[in-house]
Amino acid sequence: MNNPFQNAMSQLERATKIKKFDEKFLKILSQPNREIRISIPITMDNGKTELFEGYRVQYNNARGPYKGGIRYHQDTDINEVKALAFWMALKCAVANIPMGGGKGGITVNPKLLSKNELEKLSRGWIKLMAPVIGPKVDVPAPDVNTTPEIMSWMVDEYSKITGDKTNAVITGKPIAVGGSEGRGPATGLGGFYVFDIIRQKLGLPESCDIIIQGFGNVGGNAAEILTDHGHKIIAISDSKGAILKEDGIDIKALNEYKKTNGQIANFPGSKNITNEELLTTPCDVLIPAALENQITGKNAKEIKTQLIVELANGPTTPEADDILFERNIPVVPDILANAGGVTVSTFEWEQNIKGEHWKEEDVFAKLKKIMEEETEIIWNRSKELNTDIRRTAFVIALERIESAGLVHVID
Ligand code: NAD
(Lines give C-alpha, C1' and ligand atoms only; values in the text may rest on other atoms or scores of the structure.)
Protein backbone atom coordinates (compact mmCIF):
# COMPACT_ATOMS: atom_id res chain seq x y z
CA MET A 1 0.00 0.00 0.00
CA ASN A 2 1.38 3.41 -0.96
CA ASN A 3 1.98 5.87 1.84
CA PRO A 4 -0.41 8.77 1.02
CA PHE A 5 2.15 11.41 2.01
CA GLN A 6 4.68 9.94 -0.43
CA ASN A 7 1.97 10.03 -3.11
CA ALA A 8 1.24 13.66 -2.29
CA MET A 9 4.94 14.61 -2.50
CA SER A 10 5.27 12.72 -5.75
CA GLN A 11 2.31 14.69 -7.16
CA LEU A 12 4.03 17.90 -6.03
CA GLU A 13 7.26 16.93 -7.75
CA ARG A 14 5.46 16.06 -10.97
CA ALA A 15 3.58 19.37 -11.03
CA THR A 16 6.74 21.38 -10.42
CA LYS A 17 8.27 19.81 -13.54
CA ILE A 18 5.54 21.59 -15.52
CA LYS A 19 6.32 24.97 -13.98
CA LYS A 20 9.39 25.92 -11.95
CA PHE A 21 8.86 27.38 -8.46
CA ASP A 22 11.25 28.98 -5.98
CA GLU A 23 13.34 26.21 -4.33
CA LYS A 24 12.91 27.71 -0.88
CA PHE A 25 9.13 27.78 -1.27
CA LEU A 26 9.08 24.13 -2.32
CA LYS A 27 11.31 23.18 0.59
CA ILE A 28 8.88 24.80 3.04
CA LEU A 29 6.02 22.90 1.42
CA SER A 30 7.81 19.57 1.71
CA GLN A 31 6.84 19.27 5.41
CA PRO A 32 3.99 20.63 7.53
CA ASN A 33 4.46 23.72 9.70
CA ARG A 34 3.41 21.69 12.73
CA GLU A 35 2.39 18.13 13.64
CA ILE A 36 0.60 17.45 16.91
CA ARG A 37 0.15 13.93 18.30
CA ILE A 38 -1.97 13.29 21.36
CA SER A 39 -2.99 10.33 23.51
CA ILE A 40 -6.62 10.51 24.55
CA PRO A 41 -7.49 8.48 27.65
CA ILE A 42 -11.11 7.26 27.78
CA THR A 43 -12.91 5.33 30.49
CA MET A 44 -14.80 2.77 28.44
CA ASP A 45 -18.32 1.59 29.33
CA ASN A 46 -16.80 -1.53 30.93
CA GLY A 47 -14.80 0.66 33.35
CA LYS A 48 -11.43 0.00 31.68
CA THR A 49 -9.20 2.85 30.49
CA GLU A 50 -8.17 2.90 26.82
CA LEU A 51 -5.71 5.26 25.12
CA PHE A 52 -6.45 6.48 21.60
CA GLU A 53 -3.90 8.16 19.35
CA GLY A 54 -5.01 11.46 17.81
CA TYR A 55 -3.44 13.94 15.40
CA ARG A 56 -3.64 17.44 14.02
CA VAL A 57 -1.36 18.47 11.19
CA GLN A 58 -1.14 22.20 10.44
CA TYR A 59 0.41 22.13 7.02
CA ASN A 60 0.45 25.67 5.69
CA ASN A 61 -1.32 28.89 6.71
CA ALA A 62 0.09 31.36 4.19
CA ARG A 63 -3.44 32.11 2.89
CA GLY A 64 -5.42 31.96 6.16
CA PRO A 65 -6.22 29.80 9.21
CA TYR A 66 -5.50 26.08 8.86
CA LYS A 67 -8.67 24.31 7.70
CA GLY A 68 -9.53 20.64 7.33
CA GLY A 69 -11.57 17.76 8.65
CA ILE A 70 -11.07 15.21 11.40
CA ARG A 71 -11.08 11.54 10.35
CA TYR A 72 -11.93 8.61 12.62
CA HIS A 73 -10.62 5.40 11.06
CA GLN A 74 -8.73 2.34 12.19
CA ASP A 75 -6.11 2.86 9.45
CA THR A 76 -5.61 6.58 10.07
CA ASP A 77 -2.01 7.43 10.90
CA ILE A 78 0.25 10.46 10.80
CA ASN A 79 1.23 9.94 7.15
CA GLU A 80 -2.38 9.89 6.04
CA VAL A 81 -3.18 13.02 8.06
CA LYS A 82 -0.09 14.81 6.67
CA ALA A 83 -1.14 14.02 3.11
CA LEU A 84 -4.71 15.13 3.72
CA ALA A 85 -3.48 18.37 5.35
CA PHE A 86 -1.20 19.10 2.38
CA TRP A 87 -4.05 18.52 -0.08
CA MET A 88 -6.24 20.87 2.03
CA ALA A 89 -3.71 23.67 1.64
CA LEU A 90 -3.78 23.23 -2.14
CA LYS A 91 -7.56 22.75 -2.24
CA CYS A 92 -8.28 26.01 -0.40
CA ALA A 93 -5.99 27.77 -2.85
CA VAL A 94 -7.76 26.12 -5.81
CA ALA A 95 -11.13 27.31 -4.46
CA ASN A 96 -9.49 30.70 -3.77
CA ILE A 97 -10.92 30.84 -0.25
CA PRO A 98 -8.97 32.56 2.57
CA MET A 99 -7.85 29.38 4.32
CA GLY A 100 -4.72 27.31 4.74
CA GLY A 101 -4.49 23.55 5.04
CA GLY A 102 -4.79 21.29 8.07
CA LYS A 103 -6.25 17.92 8.95
CA GLY A 104 -6.90 15.82 12.03
CA GLY A 105 -7.73 12.31 12.98
CA ILE A 106 -7.94 9.54 15.53
CA THR A 107 -6.84 5.95 14.98
CA VAL A 108 -10.11 4.26 15.91
CA ASN A 109 -12.89 2.20 14.41
CA PRO A 110 -15.80 4.31 15.70
CA LYS A 111 -18.28 1.58 14.82
CA LEU A 112 -16.87 -0.43 17.76
CA LEU A 113 -17.60 2.36 20.29
CA SER A 114 -20.85 3.12 22.12
CA LYS A 115 -22.29 6.61 21.62
CA ASN A 116 -21.14 7.52 25.13
CA GLU A 117 -17.55 6.42 24.35
CA LEU A 118 -17.62 8.26 21.01
CA GLU A 119 -18.69 11.49 22.71
CA LYS A 120 -15.96 11.19 25.36
CA LEU A 121 -13.37 10.54 22.66
CA SER A 122 -14.50 13.54 20.60
CA ARG A 123 -14.51 15.85 23.60
CA GLY A 124 -11.11 14.41 24.57
CA TRP A 125 -9.64 15.32 21.17
CA ILE A 126 -10.82 18.91 21.59
CA LYS A 127 -9.59 19.21 25.20
CA LEU A 128 -6.07 18.30 24.12
CA MET A 129 -6.18 20.33 20.89
CA ALA A 130 -7.86 23.47 22.31
CA PRO A 131 -4.55 25.33 22.84
CA VAL A 132 -3.57 24.99 19.17
CA ILE A 133 -6.87 25.55 17.33
CA GLY A 134 -9.27 28.50 17.19
CA PRO A 135 -11.48 30.48 14.78
CA LYS A 136 -8.53 32.58 13.64
CA VAL A 137 -5.91 29.82 13.92
CA ASP A 138 -7.19 26.42 12.85
CA VAL A 139 -10.77 25.42 12.03
CA PRO A 140 -11.55 21.67 11.93
CA ALA A 141 -14.59 20.03 10.26
CA PRO A 142 -16.03 16.55 9.54
CA ASP A 143 -14.39 13.89 7.39
CA VAL A 144 -14.71 10.11 7.16
CA ASN A 145 -16.82 8.76 10.07
CA THR A 146 -17.29 12.15 11.72
CA THR A 147 -20.71 13.79 11.68
CA PRO A 148 -22.50 17.08 12.50
CA GLU A 149 -23.35 15.58 15.92
CA ILE A 150 -19.65 14.98 16.64
CA MET A 151 -18.90 18.57 15.54
CA SER A 152 -21.60 19.74 17.97
CA TRP A 153 -19.93 17.94 20.93
CA MET A 154 -16.59 19.39 19.89
CA VAL A 155 -17.74 22.99 19.57
CA ASP A 156 -19.52 22.70 22.92
CA GLU A 157 -16.34 21.42 24.58
CA TYR A 158 -14.29 24.20 22.99
CA SER A 159 -16.69 26.89 24.23
CA LYS A 160 -16.57 25.45 27.77
CA ILE A 161 -12.77 25.64 27.74
CA THR A 162 -12.37 29.06 26.12
CA GLY A 163 -15.68 30.90 26.60
CA ASP A 164 -15.82 31.50 22.83
CA LYS A 165 -19.49 31.34 21.82
CA THR A 166 -19.08 32.26 18.14
CA ASN A 167 -18.94 28.53 17.30
CA ALA A 168 -16.62 29.51 14.44
CA VAL A 169 -13.88 27.11 15.60
CA ILE A 170 -15.55 24.10 13.95
CA THR A 171 -17.60 23.84 10.76
CA GLY A 172 -19.99 21.16 9.56
CA LYS A 173 -22.10 21.72 12.70
CA PRO A 174 -25.86 21.14 12.95
CA ILE A 175 -27.85 24.25 11.94
CA ALA A 176 -29.00 24.79 15.56
CA VAL A 177 -25.43 25.49 16.72
CA GLY A 178 -24.39 27.69 13.82
CA GLY A 179 -24.12 25.21 10.96
CA SER A 180 -24.59 26.49 7.43
CA GLU A 181 -27.53 25.67 5.23
CA GLY A 182 -26.30 23.35 2.50
CA ARG A 183 -23.13 22.07 4.26
CA GLY A 184 -24.37 18.44 4.16
CA PRO A 185 -24.58 18.06 0.38
CA ALA A 186 -21.88 20.70 -0.34
CA THR A 187 -19.08 18.32 -1.38
CA GLY A 188 -21.32 16.27 -3.64
CA LEU A 189 -22.98 19.36 -5.09
CA GLY A 190 -19.67 21.16 -5.68
CA GLY A 191 -18.44 17.99 -7.39
CA PHE A 192 -21.52 17.98 -9.59
CA TYR A 193 -20.90 21.59 -10.71
CA VAL A 194 -17.31 20.70 -11.63
CA PHE A 195 -18.35 17.47 -13.36
CA ASP A 196 -21.05 19.21 -15.39
CA ILE A 197 -18.54 21.64 -16.91
CA ILE A 198 -15.96 18.93 -17.66
CA ARG A 199 -18.67 16.65 -19.09
CA GLN A 200 -19.60 19.34 -21.60
CA LYS A 201 -15.94 20.03 -22.48
CA LEU A 202 -15.43 16.32 -23.18
CA GLY A 203 -18.70 15.94 -25.09
CA LEU A 204 -20.06 13.26 -22.74
CA PRO A 205 -23.82 12.56 -22.89
CA GLU A 206 -26.42 14.45 -20.84
CA SER A 207 -27.32 11.17 -19.22
CA CYS A 208 -24.20 9.26 -18.18
CA ASP A 209 -23.86 5.79 -16.66
CA ILE A 210 -22.00 6.44 -13.40
CA ILE A 211 -20.25 4.24 -10.84
CA ILE A 212 -19.60 5.55 -7.33
CA GLN A 213 -17.32 4.00 -4.72
CA GLY A 214 -18.57 5.03 -1.26
CA PHE A 215 -22.07 5.77 0.00
CA GLY A 216 -21.37 8.15 2.88
CA ASN A 217 -21.82 11.90 3.08
CA VAL A 218 -19.99 12.54 -0.19
CA GLY A 219 -20.89 9.48 -2.30
CA GLY A 220 -24.50 9.36 -1.08
CA ASN A 221 -25.19 13.03 -1.75
CA ALA A 222 -23.41 12.90 -5.12
CA ALA A 223 -25.50 9.87 -6.12
CA GLU A 224 -28.72 11.69 -5.30
CA ILE A 225 -27.71 14.93 -7.04
CA LEU A 226 -26.51 13.14 -10.18
CA THR A 227 -29.72 11.09 -10.34
CA ASP A 228 -31.80 14.26 -9.94
CA HIS A 229 -29.92 15.68 -12.96
CA GLY A 230 -30.80 12.75 -15.22
CA HIS A 231 -27.72 10.54 -14.77
CA LYS A 232 -27.89 6.84 -13.93
CA ILE A 233 -25.98 5.29 -11.02
CA ILE A 234 -25.33 1.75 -12.25
CA ALA A 235 -23.08 0.56 -9.39
CA ILE A 236 -22.21 1.78 -5.91
CA SER A 237 -20.42 0.46 -2.81
CA ASP A 238 -19.91 0.93 0.90
CA SER A 239 -17.32 -0.63 3.21
CA LYS A 240 -19.34 -3.86 3.38
CA GLY A 241 -19.89 -4.51 -0.34
CA ALA A 242 -20.87 -3.27 -3.78
CA ILE A 243 -23.97 -3.60 -5.97
CA LEU A 244 -24.63 -3.39 -9.72
CA LYS A 245 -27.91 -2.63 -11.48
CA GLU A 246 -27.40 -1.75 -15.11
CA ASP A 247 -30.75 -0.01 -15.58
CA GLY A 248 -30.01 2.36 -12.69
CA ILE A 249 -30.24 2.25 -8.90
CA ASP A 250 -33.07 4.05 -7.10
CA ILE A 251 -30.88 6.04 -4.69
CA LYS A 252 -33.69 7.19 -2.37
CA ALA A 253 -34.84 3.56 -1.96
CA LEU A 254 -31.20 2.51 -1.39
CA ASN A 255 -30.89 5.12 1.38
CA GLU A 256 -33.93 3.69 3.12
CA TYR A 257 -32.60 0.15 2.62
CA LYS A 258 -29.24 1.08 4.17
CA LYS A 259 -30.95 2.73 7.17
CA THR A 260 -32.83 -0.50 7.87
CA ASN A 261 -30.14 -3.03 6.99
CA GLY A 262 -26.90 -1.19 7.82
CA GLN A 263 -25.41 -2.10 4.42
CA ILE A 264 -26.21 -1.83 0.70
CA ALA A 265 -25.35 -5.43 -0.26
CA ASN A 266 -28.36 -7.56 -1.30
CA PHE A 267 -30.39 -4.48 -2.32
CA PRO A 268 -33.44 -5.95 -4.08
CA GLY A 269 -33.13 -6.04 -7.89
CA SER A 270 -29.34 -5.54 -7.83
CA LYS A 271 -26.42 -7.94 -8.15
CA ASN A 272 -23.69 -8.08 -5.48
CA ILE A 273 -20.20 -7.48 -6.89
CA THR A 274 -16.74 -7.05 -5.38
CA ASN A 275 -15.02 -3.69 -4.89
CA GLU A 276 -12.50 -4.65 -7.62
CA GLU A 277 -15.36 -5.41 -10.04
CA LEU A 278 -16.99 -2.11 -9.14
CA LEU A 279 -13.91 -0.18 -10.22
CA THR A 280 -13.47 -2.08 -13.50
CA THR A 281 -17.10 -2.30 -14.69
CA PRO A 282 -17.63 -0.28 -17.92
CA CYS A 283 -19.21 3.15 -17.33
CA ASP A 284 -19.08 6.73 -18.59
CA VAL A 285 -17.91 8.22 -15.28
CA LEU A 286 -16.17 6.63 -12.30
CA ILE A 287 -16.37 8.49 -8.99
CA PRO A 288 -14.21 7.28 -6.11
CA ALA A 289 -15.81 8.74 -2.95
CA ALA A 290 -14.33 6.60 -0.14
CA LEU A 291 -10.63 6.39 0.70
CA GLU A 292 -7.07 6.76 -0.69
CA ASN A 293 -5.19 4.35 -2.96
CA GLN A 294 -8.14 2.77 -4.75
CA ILE A 295 -7.05 3.32 -8.38
CA THR A 296 -3.51 1.99 -8.52
CA GLY A 297 -0.81 0.75 -10.88
CA LYS A 298 -2.47 -2.67 -10.56
CA ASN A 299 -6.02 -1.87 -11.68
CA ALA A 300 -5.65 1.33 -13.75
CA LYS A 301 -5.19 -0.70 -16.96
CA GLU A 302 -8.51 -2.47 -16.34
CA ILE A 303 -10.61 0.64 -15.71
CA LYS A 304 -13.19 1.16 -18.44
CA THR A 305 -14.49 4.70 -18.14
CA GLN A 306 -14.34 7.98 -20.03
CA LEU A 307 -13.80 10.19 -16.99
CA ILE A 308 -12.76 9.87 -13.33
CA VAL A 309 -13.99 12.46 -10.82
CA GLU A 310 -12.17 12.21 -7.49
CA LEU A 311 -14.63 13.06 -4.75
CA ALA A 312 -12.46 11.15 -2.25
CA ASN A 313 -9.09 12.54 -1.27
CA GLY A 314 -6.11 10.77 -2.81
CA PRO A 315 -7.94 7.84 -4.45
CA THR A 316 -5.54 7.64 -7.43
CA THR A 317 -1.84 6.83 -7.03
CA PRO A 318 0.79 8.60 -9.17
CA GLU A 319 1.49 5.28 -11.03
CA ALA A 320 -2.20 5.04 -11.90
CA ASP A 321 -2.19 8.68 -13.02
CA ASP A 322 0.50 7.85 -15.59
CA ILE A 323 -1.42 4.86 -16.93
CA LEU A 324 -4.68 6.82 -17.14
CA PHE A 325 -2.92 9.75 -18.87
CA GLU A 326 -1.49 7.34 -21.45
CA ARG A 327 -4.93 5.80 -21.92
CA ASN A 328 -6.44 9.26 -22.39
CA ILE A 329 -8.79 8.93 -19.41
CA PRO A 330 -9.06 12.37 -17.78
CA VAL A 331 -9.00 12.59 -13.97
CA VAL A 332 -10.64 15.54 -12.24
CA PRO A 333 -8.43 15.75 -9.15
CA ASP A 334 -9.65 15.81 -5.54
CA ILE A 335 -8.29 19.31 -4.88
CA LEU A 336 -10.78 20.63 -7.45
CA ALA A 337 -13.57 18.03 -7.49
CA ASN A 338 -14.25 17.88 -3.75
CA ALA A 339 -13.46 21.51 -2.88
CA GLY A 340 -17.19 22.26 -2.44
CA GLY A 341 -17.07 20.92 1.13
CA VAL A 342 -14.37 23.25 2.40
CA THR A 343 -15.90 26.11 0.43
CA VAL A 344 -19.25 25.85 2.24
CA SER A 345 -17.36 25.21 5.51
CA THR A 346 -15.66 28.54 4.93
CA PHE A 347 -19.07 30.14 4.31
CA GLU A 348 -20.16 28.66 7.66
CA TRP A 349 -17.11 30.14 9.41
CA GLU A 350 -17.78 33.52 7.79
CA GLN A 351 -21.45 33.44 8.89
CA ASN A 352 -20.43 32.55 12.49
CA ILE A 353 -17.85 35.34 12.66
CA LYS A 354 -20.31 37.91 11.26
CA GLY A 355 -23.29 36.57 13.27
CA GLU A 356 -25.23 35.85 10.08
CA HIS A 357 -27.28 32.97 8.72
CA TRP A 358 -27.51 32.72 4.93
CA LYS A 359 -30.34 31.12 2.93
CA GLU A 360 -29.64 27.79 1.26
CA GLU A 361 -30.23 29.26 -2.21
CA ASP A 362 -27.60 31.94 -1.53
CA VAL A 363 -25.10 29.34 -0.28
CA PHE A 364 -25.60 27.21 -3.39
CA ALA A 365 -25.39 30.21 -5.73
CA LYS A 366 -22.06 31.28 -4.19
CA LEU A 367 -20.77 27.70 -4.32
CA LYS A 368 -21.78 27.27 -7.95
CA LYS A 369 -20.03 30.47 -8.99
CA ILE A 370 -16.76 29.48 -7.32
CA MET A 371 -16.74 25.89 -8.57
CA GLU A 372 -17.62 26.84 -12.15
CA GLU A 373 -15.16 29.72 -12.35
CA GLU A 374 -12.26 27.73 -10.92
CA THR A 375 -13.04 24.74 -13.18
CA GLU A 376 -12.93 27.00 -16.25
CA ILE A 377 -9.64 28.56 -15.08
CA ILE A 378 -8.04 25.13 -14.53
CA TRP A 379 -9.38 23.63 -17.76
CA ASN A 380 -8.14 26.54 -19.89
CA ARG A 381 -4.74 26.59 -18.18
CA SER A 382 -4.34 22.83 -18.71
CA LYS A 383 -4.58 23.47 -22.44
CA GLU A 384 -1.92 26.21 -22.22
CA LEU A 385 0.37 24.03 -20.08
CA ASN A 386 -0.42 20.98 -22.20
CA THR A 387 -0.75 18.74 -19.17
CA ASP A 388 -3.37 16.93 -17.10
CA ILE A 389 -5.93 18.56 -14.80
CA ARG A 390 -4.15 17.47 -11.59
CA ARG A 391 -0.80 18.99 -12.50
CA THR A 392 -2.58 22.17 -13.65
CA ALA A 393 -4.60 22.45 -10.42
CA PHE A 394 -1.35 21.99 -8.46
CA VAL A 395 0.40 24.71 -10.47
CA ILE A 396 -2.45 27.18 -9.89
CA ALA A 397 -2.64 26.35 -6.17
CA LEU A 398 1.13 26.72 -5.77
CA GLU A 399 1.09 30.08 -7.55
CA ARG A 400 -1.64 31.31 -5.22
CA ILE A 401 0.12 30.07 -2.06
CA GLU A 402 3.45 31.48 -3.19
CA SER A 403 1.88 34.85 -4.00
CA ALA A 404 0.71 35.12 -0.37
CA GLY A 405 4.30 36.27 0.09
CA LEU A 406 5.12 34.35 3.24
CA VAL A 407 7.90 32.34 1.69
CA HIS A 408 10.62 34.18 3.59
CA VAL A 409 8.88 34.05 6.95
CA ILE A 410 11.71 31.91 8.34
CA ASP A 411 14.44 34.50 7.59
P1 NAD B 1 -18.23 9.02 5.25
O2 NAD B 1 -17.68 8.43 6.48
O3 NAD B 1 -19.51 9.77 5.32
O4 NAD B 1 -18.40 7.90 4.12
C5 NAD B 1 -17.37 7.07 3.67
C6 NAD B 1 -17.99 6.00 2.79
O7 NAD B 1 -16.96 5.20 2.24
C8 NAD B 1 -18.92 5.06 3.55
O9 NAD B 1 -20.02 4.77 2.72
C10 NAD B 1 -18.06 3.82 3.73
O11 NAD B 1 -18.86 2.66 3.88
C12 NAD B 1 -17.31 3.84 2.42
N13 NAD B 1 -16.11 3.01 2.42
C14 NAD B 1 -15.14 2.94 3.35
N15 NAD B 1 -14.23 2.05 2.97
C16 NAD B 1 -14.62 1.59 1.77
C17 NAD B 1 -14.09 0.65 0.85
N18 NAD B 1 -12.94 0.03 1.11
N19 NAD B 1 -14.78 0.40 -0.27
C20 NAD B 1 -15.93 1.06 -0.54
N21 NAD B 1 -16.47 1.96 0.27
C22 NAD B 1 -15.82 2.21 1.41
O23 NAD B 1 -17.07 9.94 4.65
P24 NAD B 1 -17.21 11.11 3.59
O25 NAD B 1 -17.28 12.39 4.32
O26 NAD B 1 -18.25 10.76 2.59
O27 NAD B 1 -15.78 11.06 2.90
C28 NAD B 1 -15.49 10.26 1.77
C29 NAD B 1 -14.26 10.81 1.06
O30 NAD B 1 -14.51 12.16 0.67
C31 NAD B 1 -12.99 10.87 1.92
O32 NAD B 1 -11.87 10.67 1.09
C33 NAD B 1 -13.00 12.31 2.43
O34 NAD B 1 -11.72 12.75 2.83
C35 NAD B 1 -13.50 13.01 1.18
N36 NAD B 1 -14.04 14.35 1.41
C37 NAD B 1 -15.05 14.54 2.31
C38 NAD B 1 -15.58 15.83 2.46
C39 NAD B 1 -16.75 16.10 3.35
O40 NAD B 1 -17.27 17.22 3.28
N41 NAD B 1 -17.24 15.16 4.13
C42 NAD B 1 -15.04 16.89 1.74
C43 NAD B 1 -14.01 16.65 0.84
C44 NAD B 1 -13.53 15.37 0.69
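Is glutamate 348 buried or exposed, and what is its relative accessible area? Buried, at 0%. Buried here means under 20% relative accessible area, exposed over 50%, and partly exposed in between, with a 1.4 Å probe and protein chains only.

Some ground rules. This is a predicted model, so local features need pLDDT of at least 70 and side-chain atom pairs count only at pLDDT 80 or more, while totals for chains, interfaces and linings use all residues. Residues are numbered from 1 along each chain as its sequence is written, and side-chain values use heavy atoms, with hydrogens and water left out.

Back to glutamate 348. Its salt-bridge partner is lysine 173, with the closest N and O atoms 2.8 Å apart. A salt bridge means a side-chain nitrogen of Lys or Arg within 4 Å of a carboxyl oxygen of Asp or Glu. Lysine 173 sits in the loop between α5 (148–162) and α6 (186–202), and glutamate 348 in helix α12 (residues 339–354), so the pair ties together parts 175 residues apart in sequence. Helices are DSSP runs of H or I, at least four residues, numbered from the N terminus. Lysine 173 is buried too, at 4%.

Now a local pair. Lysine 259 and glutamate 256 form a salt bridge at 3.4 Å, N to O. Both lie in helix α8 (residues 251–261), three residues apart, about one turn. Lysine 259 is exposed at 66%. Glutamate 256 is partly exposed at 46%.

Next, aspartate 388 and arginine 391. Their closest N and O atoms are 2.7 Å apart, in a salt bridge. Aspartate 388 is buried at 13%, and arginine 391 is buried at 15%.

Last, the total. The whole structure holds 33 salt bridges.

Key. Helices (H or I, at least four residues) and strands (E, at least two) are DSSP runs, numbered from the N terminus.
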